[in-house]
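Okay, thanks for coming, everyone.

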Amino acid sequence: MKSEVPPLLPLLKQYFGYTSFRPLQEEIIRDSLAGKDTFALLPTGGGKSLCFQLPALARDGLTVVVSPLIALMKDQVDALQAAGVPATFLNSSLAADEARARLRGLHNGEYRLLYVAPERLMLSGFLADLQRWYVKLIAVDEAHCISEWGHDFRPEYRQIAELRELFPNVPFMALTATATERVRADIITHLKLREPRCYIASFNRPNLTYRVVPKNKPYDQLLDFLRARSKEGGIVYCQSRKTAERVAANLTEDGVAAQPYHAGLTPKVRSEHQELFLRDNIRVICATIAFGMGINKPNVRFVVHYDLPKNIEGYYQETGRAGRDGLPSECILLFSAGDVVKQTAFIDEKPDLKEQQIAREQLQQMVHYAECAACRRTELLAYFGETSGEENCGACDNCLSPRQTFDGTLAAQKFLSCVYRIREKQRFGVGLNHVVEVLTGADTEKIRKWGHEQLSTYGIGKEHSRSGWAAIGRELVRLGFLRQTTEKFSVLELTNAGMATLKARTKITLTKPIAVPEAKVHRVGEIACDEALFERLRELRKRLADDRDVPAYIVFSDVALRQMARNYPANERDFARISGVGEKKLREFGAVFLTEIAAHLQTNARQIFADEAFTSPAPLPRRSIGDSARETLRQFRTGNTVEQIAEARGVTPGTILGHIVEGIENGEPVELGRILTDAEQRQVTAAFKRNGWGNITAVFDALGGVVDYGRLRVFRAATTRNRPTRD
């Protein structure tokens, strides 16, 4: 099998303009090409699509991609065609003549990739066509849609498993950006994957900054946020269609180009608004959760949740639409207790009791995240079963400006005692709000009916407001002193830890629910560049994209433009080294961008970015070494060279060097002298000091390509692991 597969890196550079794979991509691709079923959980922006796109180019035949949204299909096919890849889609948006033309092309073997919705896939006539089209891979994107425990369950996804009988020898690939262990098991079971190779990447998105802001005049908060970022675009998620419409209209009146997007609009209007956003003709899209799944716009600089999301998986996926290009981006959640009440009311309207219970559990987890004082990144990673390995991520509000705490022993004693006294009197528990009403001495029908005004804890908590006591109660749940059930009539119960604390009067520290100013810190993914040239190149990109009737990022990403505005490429050789410049884009756009850069330098001095010259990149959160990397390190320590290990394991030397970097970043000792000679190490050190530890492309160029990227990354990891921020 190995000899039949062409080298992957040349294909990667030729069509996609990259010189190396992202984590796990190569392993997933090679397993698929070997005919194995694969399950891939890669975070948004982690390169899921490449895992089935590159295999389609590495062999003959058709790769069928099952995708849930029309917008996703068009977006990816546009990008593939711009890169010279023969791809198409079939869905209800096509006119009859166009659909017939594409079917003829499929019958004639003109395409390598076909995107199709699950509904069309299962039509009998279409299944018959599929069996004639030499299908070599079936990829199921957004595979979490198959699980009722997922945040976007779609019953039609359950039918996909029927393809296994029709294509018993064709490998399946399931891909998702967000799934708990329970959802992962559902995906593997319902798709009938056969002994799949499972790849779970880190959920961490180090370039994203997470903040939760107390909701107070939310529109004013949003407008202030947008005005401070006048050249950036992003998504504002709203709970209802009405809110999305209203916020978009208000923003437009206040000079911020915005449009709504929700299921109540006609498909034509939704498509128009989406295209305006994708092509940077509007800055903001105000949307319900109907927007965004699979949208491949890399330069979304912020995601604002105007209302509370229903669950953490949806929140994670929606925030994940920011910063897919790896540049710094912001995720803001406006939170109020009133939103919790609204969501609870919606849950109560669900006819299915099991659905209600699942939804309440998910909402509790979402509220826990919003109110917690711990690192938000750690909280998100823990939800998906991953350990962050860092106490302070440096990129969330709780880490940038830790919340104030106070001695909450007395408040906790009052709250826990009230829960205990109510159950002692009634022999049943009550909900959070009722406990708060007893503590604050409220005069309600329930309190009079149950005689709770006679309790010793009645009215003993007037020093806090009702919202303050509710926050204290929720924190006691988070700390494990109380348990909150998920039935329709959710009740609070003392845990064993809570009872022990109540008896022993153990000291408890609680968090003040207030916001404090943020500190300014280095942001992961930042690329310092000539901002004037960057703006000039953005305008050029926009003109070229409009001429071709495609979104701007189809031409080049913001990362590529920032690299151009930092490195000032002067010829095609230099330009080809920019991230995302493949053969077709070099031919099509190289000359015009080089001319623009040269014209800029005629009237502007070339900038030198000394501020980063001795700065090491911000470290990624540490996590355990994967089995594949551990095996590489074992073989390396026995004396095998990088090339020997790569040959034995059937991967590229670049992958092996990536494993060594992973080991170094996790504290594993590596003999650097076996990677680079002493003379090479001196040359590389000098090049990094001149060009900056964060700019590996410039270092590669400065050394004339003598030292490859993989060895440069190993050197940087080994050198900067214990380096202070500045030399």
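I'll start with the sheet, then go to the helices.

Quick housekeeping: this is a predicted model, where local features need pLDDT of at least 70, side-chain atom pairs count only at pLDDT 80 or more, and totals for chains, interfaces and linings use all residues. Residues are numbered from 1 along each chain as its sequence is written, and side-chain values use heavy atoms, with hydrogens and water left out.

So, the sheet. It's open, with 7 strands in the order β3-β4-β2-β5-β6-β1-β7 and parallel pairing. Helices (H or I, at least four residues) and strands (E, at least two) are DSSP runs, numbered from the N terminus, and two strands pair if DSSP finds at least two bridges between them. At the edges, pairing on one side only, sit β3 (87-90) and β7 (197-200). From one strand to the next, the twist averages 15 degrees; axes here are lines fitted to C-alpha atoms, for helices over the stretch in contact, and angles run from 0 to 180 degrees between N-to-C directions.

Now zoom in on β1, residues 38-41: this strand pairs with β7 in parallel over 4 bridges. Thr 38, for instance, has Arg 197 of β7 as its bridge partner.

On to the helices. α3 (residues 50-58) packs on the sheet and touches β2, β4, β5 and β6, contact being heavy atoms within 4.5 Å. Its direction makes about 140 degrees with that of β4. Helix α9, residues 181-190, lies across β1, β6 and β7, at about 150 degrees to β1.
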